Amino acid sequence: MTKPVVLIAEELSPATVDALGPDFEVRNVDGTDRPALLAALSDSDAILVRSATKVDAEAIAAAPKLRVIARAGVGLDNVDIKAATTAGVMVVNAPTSNIISAAELTIGHILSLARHIPAAHSALADGQWKRSKYTGVELYEKTVGIIGLGRIGALITARLQAFGTKVVAYDPYVTSARAQQLGVQLVTLEELLAQSDFITIHMPKTPETTGMISDAQLALMKPTAFIVNVARGGLIDEDALHRALTDHTIAGAGLDVFVSEPPSDSPLLALENVVVTPHLGASTDEAQEKAGVSVAKSVRLALSGELVPDAVNVAGGVIDPTVRPGIPLMEKLGQIFSGLAHSPLTSVDVEVRGEIVEFDVSVLKLAALKGIFSNVVSENVSYVNAPLLAEQRGIEVRQLTDSVSEEYRNLLTLRGALSDGSQISVSGTLTGTKQIEKIVEINGYDVEVPIAEHLIVMIYDDRPGIVAIYGHEFGEANINIAGMQIARTGAGGKALSVLTVDSRVPEGLLEKVRLAIAADLMHEIDITE
């Protein structure tokens, strides 16, 4: 019997090959040699890469037998996930392989800034003995602010406490109970910036978080404070950071990631009060080995037809074809659900109704959690770590099933409680022969809106002229409304509008519209594939 072919396109640890086991024919190719890569893919069942090999639409088209693409690491910038999904190819990565390495590098940057270690080394290596110039500060009794209290943030917190620091954190998705468990005080972003002697940022990179630290935020910091970013390039506005460092608005910065990498033309590299490293967050022997072994195990599971916890685009494994179309729908409902939340979640019910409950629908709960956390935490979210993320945040999760669905053949609902005592919900279904994904309920209002990339949800007092107000404002800003539906509790009561728009709406415009119509709720929600 012919063994499945596993193609290794970059150098991986021997432990990676060992983890694959004896059931595969392992071949090697230089993934940066494009003709050789395309030729080798022609009869490959799986490919393992790191960051240098581009597995794009062309490469996927050249691999008719390909069933799984495995990235031995966290990022997936070099993999065309949409093309892979269209071709029915599973994409897996190693979402937790580098979290300890990233946390330790953060501590290294903080210590380097506090004690001027790189600059002092450089001066001494150059024959200069400058003890007085490089007087530093202790971490003891200093305040460290962590923006984003996910898994990496929690690891950093544990390590900082050994230094006798006070740790404060900003994370709108973490409950006070979880923060208390970690020994952290939750504060607003403005309070964190003003109080902290050292700040480290660990947020996902989304349209909302890109440039979240800019001139206004840096101006709130102490002139003696330092800021560190080992998470994602662009979370800190680099031009604003350069101004703050040259004007001595802040004391210094530690950067491992940049908007453009390598940052060869960045003026930040010329500043004495900046410590830089070349994206080393995952560059430890241990992280690389963990990543290789993790994806090798995923490849083994995928090629044997079993459930793959770290699948990025599809759950894989023995999932009934009737259930499978509900997976991407439930992920998107999860994103909408988290977009509706205005305070931390305390509980989530995943409700599945209709004919679909005859089959195993447990994967839909995983898909819901994956969607909820996909734009909330800095680490990549998968089917294996999503339940852990919920547990870490003290969120109670239940799955409820019912064979009765009165209005739709199948109905998927997420219903949750927030820490302020309020409730939110969103429901969706698949309609027609094309299985179009639709939202059919939001917070108790009945709607029927196809899921689109950009959604705006608002609730306001129903009265004449509201549609004209926001229609005019969006039109003036050249924002095209592709679709709209309004639901209401009754004449003169509350109304809910759901808009699909062709492009993102600037935050300032949303606030302007909210004030103009006196909206109780105004959210822009972006759906990522």
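Predicted model: local features only at pLDDT ≥ 70, side-chain atom pairs only at ≥ 80, totals over all residues.
You'll find Ala518 in the loop between helix 17 (507-517) and strand 22 (521-526). With a relative accessible area of 46%, Ala518 is partly exposed.

There's a cis peptide bond to check as well: the one from Glu261 to Pro262, where omega is near -5°. Pro262 belongs to the loop between strand 11 (252-255) and strand 12 (274-276).

## A buried arginine

Now for Arg393, in the loop between helix 15 (386-392) and strand 14 (396-402). Arg393 is buried, yet it has no salt bridge. Asp171 is the nearest side chain of opposite charge, and it is 4.3 Å away; a salt bridge would need a side-chain nitrogen of Lys or Arg within 4 Å of a carboxyl oxygen of Asp or Glu.

Asp171 still turns up among the contacts of Arg393, once neighbours within four places in sequence are set aside.

## How helix 5 meets helix 7

Helix 5 (residues 99-115) packs against helix 7 (residues 151-161) at an angle of about 50°, and the two axes are 9 Å apart. That angle makes the pair oblique to each other, and their crossing is right-handed.

On the helix 5 side, the residues involved are Ile99, Ile100, Ala102, Ala103, Glu104, Thr106, Ile107 and Ile110. They meet Arg151, Ile152, Leu155, Ile156, Arg159 and Leu160 in helix 7.

Asn98 is in the loop between strand 5 (90-92) and helix 5. Its relative accessibility is 14%, so Asn98 counts as buried.

Leaving out residues up to four places away in sequence, Asn98 touches Val74, Gly281, Ala282 and Ala287. Lys290 is another residue to look at from here: Asn98 and Lys290 are 192 residues apart in sequence, but 8.0 Å apart in space, C-alpha to C-alpha.

Definitions and conventions. Residues numbered from 1 in each chain as written. Heavy atoms only, no water. Helix = DSSP H or I, 4+ residues; strand = E, 2+ residues; numbered from the N terminus. Buried < 20%, exposed > 50% of the residue type's maximum accessible area, 1.4 Å probe, protein only. Lys, Arg positive; Asp, Glu negative; His and termini not counted. Contact = heavy atoms within 4.5 Å. Axes fitted to C-alpha atoms, helices over the stretch in contact; angles between N-to-C directions. Parallel < 35°, antiparallel > 145°, perpendicular 65-115°, else oblique. Left-handed = near helix turned anticlockwise from the far one by under 90°.
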